[in-house]
Amino acid sequence: MEFITVNSELQQAFSHLLSEEIAQDLADEPDVMALGAVEGKRPCGVLVFAMEETQLRLLWLCTAEEMRGRGVARALVRQLVRCARLDPQASRLLADVPDSSPLDPVFLLLLSEGWMPSAFQLNAYTCTLAQLAEQEFWRKNMGESGVTPISQIPNVMLKEYSALLDSLGEGVPVQLPLRAEDYEPDISLGYVSEGKLQACVLLTYRGGQLVLSYAQAQSSAGTGIAKLFYAAGKRALAKYPPETRLSFAALTPAACRLAEKLLPVCGAQPAYRMSLWLPKLTEGGTNL
């Protein structure tokens, strides 16, 4: 088995092993790269990672179906570790294993290679839009007063909201400052009350599923966050096929309670952040 760097010229050959989102990231993001495993000139596996200052983040790992069970994924992970150890700036490797259980194959693989779960654990919720439509909450008429698409909220108001999040030290997985043009055409809604943006919800459609990429509400929002979820759910039900899967992760107890209230059909599943610290190489190198 040989390992190669999957550049733009070779990406097409590995396209059947990549999701649409990952393929787009490889094409557009200079810090996102891929390692390919080849046997007899045939692509048999791919690992995609991102370089983030002093760490490398594993984003995608896939083995061709006919090659599974032959150690291809393990070999790719070990090759990533070798590459990381040659980088003087890299101090650790990270990998998020979302929507998984402790029996998830990637979790078990990384654990057996010395990666360790971080201290925190989040809850991942998932269901189809068809299941969502069956729930009583989504059948009621909550009204949508104050709910506005992000694209219709003045940029001045969005900047004020972003500045507030910055001052609170919020670790938000969206670009700051919030800008209307960044959140179309996917579902992106804000709750405006008393002339201020009090809460927002952002849903992204990718790889055939709808992911809640961000939700945040000020204490002054009151029932605004529930109105946002209601409005976002109604739009999702109208816009996407019923078999579309909706998923999101909840980091705090309050977020878990809200998820259980809004999505009672969804069982929470643990997700893990795996990490591997990279000791500095000695002068004589190291054995892997």
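Which residue in β3 is the bridge partner of Leu-35? I looked this up first, and the bridge partner of Leu-35 in β3 is Leu-47.

**Entry: ground rules.** I am working on a predicted model, in which local features need pLDDT of at least 70, side-chain atom pairs count only at pLDDT 80 or more, and totals for chains, interfaces and linings use all residues. Residues are numbered from 1 along each chain as its sequence is written, and side-chain values use heavy atoms, with hydrogens and water left out.

**Entry: the chain overall.** I noted 8 helices and 12 strands; helices (H or I, at least four residues) and strands (E, at least two) are DSSP runs, numbered from the N terminus. The chain has 288 residues, and 43% of them are buried. For burial I use relative accessible area: buried is under 20%, exposed is over 50%, and partly exposed lies in between (1.4 Å probe, protein chains only). I also looked at contacts, meaning heavy atoms within 4.5 Å. Of the contacts in the chain with a separation of 6 or more, 68% are between residues 24 or more positions apart.

Entry: Strands count as paired if DSSP finds at least two bridges between them. Strand β1 (residues 2-5) runs antiparallel to β2, with 4 bridges, and Glu-2 has Val-38 in β2 as its bridge partner. β2 is also joined to strand β3 (residues 42-52), again antiparallel, by 8 bridges. The β2 and β3 hairpin has 2 residues between the strands, and Gly-40 in the turn has a positive phi of about 60°. I recorded β2 as mostly covered, since 6 of its 8 residues are buried.

**Entry: Asp-31.** I found Asp-31 in the loop between α1 (20-28) and β2 (32-39). Is Asp-31 buried, exposed or partly exposed? Asp-31 counts as partly exposed because its relative accessibility is 46%. Leaving aside neighbours within four places in sequence, Asp-31 is in contact with Phe-49, Ala-50 and Met-51. Met-51 is 20 residues from Asp-31 in sequence, and their C-alpha atoms are 5.4 Å apart.

Entry: How many bridges join strand β8 (residues 188-193) to strand β9 (residues 196-206)? I noted 6, with the two strands antiparallel. Ser-193 has Lys-196 in β9 as its bridge partner. The hairpin of β8 and β9 has 2 residues between the strands, and Glu-194 there takes a positive phi near 55°. β9 is joined to β10 by 8 bridges, also antiparallel. In that region I found Ala-199 opposite Ala-217 in β10.

**Entry: two buried strand residues.** Thr-126 is in strand β6 (residues 116-128). Thr-126 counts as buried because its relative accessible area is 18%. Thr-126 and Val-211 are 85 residues apart along the chain, and their C-alpha atoms are separated by 9.2 Å. Ser-275 is in strand β12 (residues 269-277) and is buried at 11% relative accessibility. Apart from neighbours within four places in sequence, Ser-275 is in contact with Arg-92, Leu-93, Leu-94, Trp-115 and Met-116.

**Entry: helix α8.** Why do I put the buried residues of α8 on the same side? In α8 (residues 253-262), the residues Cys-256, Ala-259 and Leu-262 are buried. They cover an arc of only 135° around the axis, so they lie on the same side of α8; the arc is that of the directions from the helix axis to the C-beta atoms. Pro-253, Arg-257 and Lys-261, on the other side of α8, are exposed.

**Entry: cavity.** I searched on a 1 Å grid over the protein atoms alone, where a cavity is a set of points at which a 1.4 Å probe fits but cannot get out, and lining residues have an atom within 4 Å of a point. Grid points are joined across faces, edges and corners, and a volume is the space filled by probe spheres set on the points. The count comes to 1 cavity of 30 Å³ or more. The largest cavity holds about 100 Å³ of space. It is lined by 13 residues, of which Trp-138, Leu-203, Phe-229, Gly-233 and Leu-246 are the closest to its centre. At least two lining residues each come from α4 (129-134), β10 (209-217), α7 (224-239) and β11 (245-250). α7 gives the largest share, 4 residues.

Terms used. 1 Å grid on protein atoms, 1.4 Å probe; cavity = no way out; pocket = protein on both sides within 12 Å on 5 of 7 lines; lining within 4 Å.
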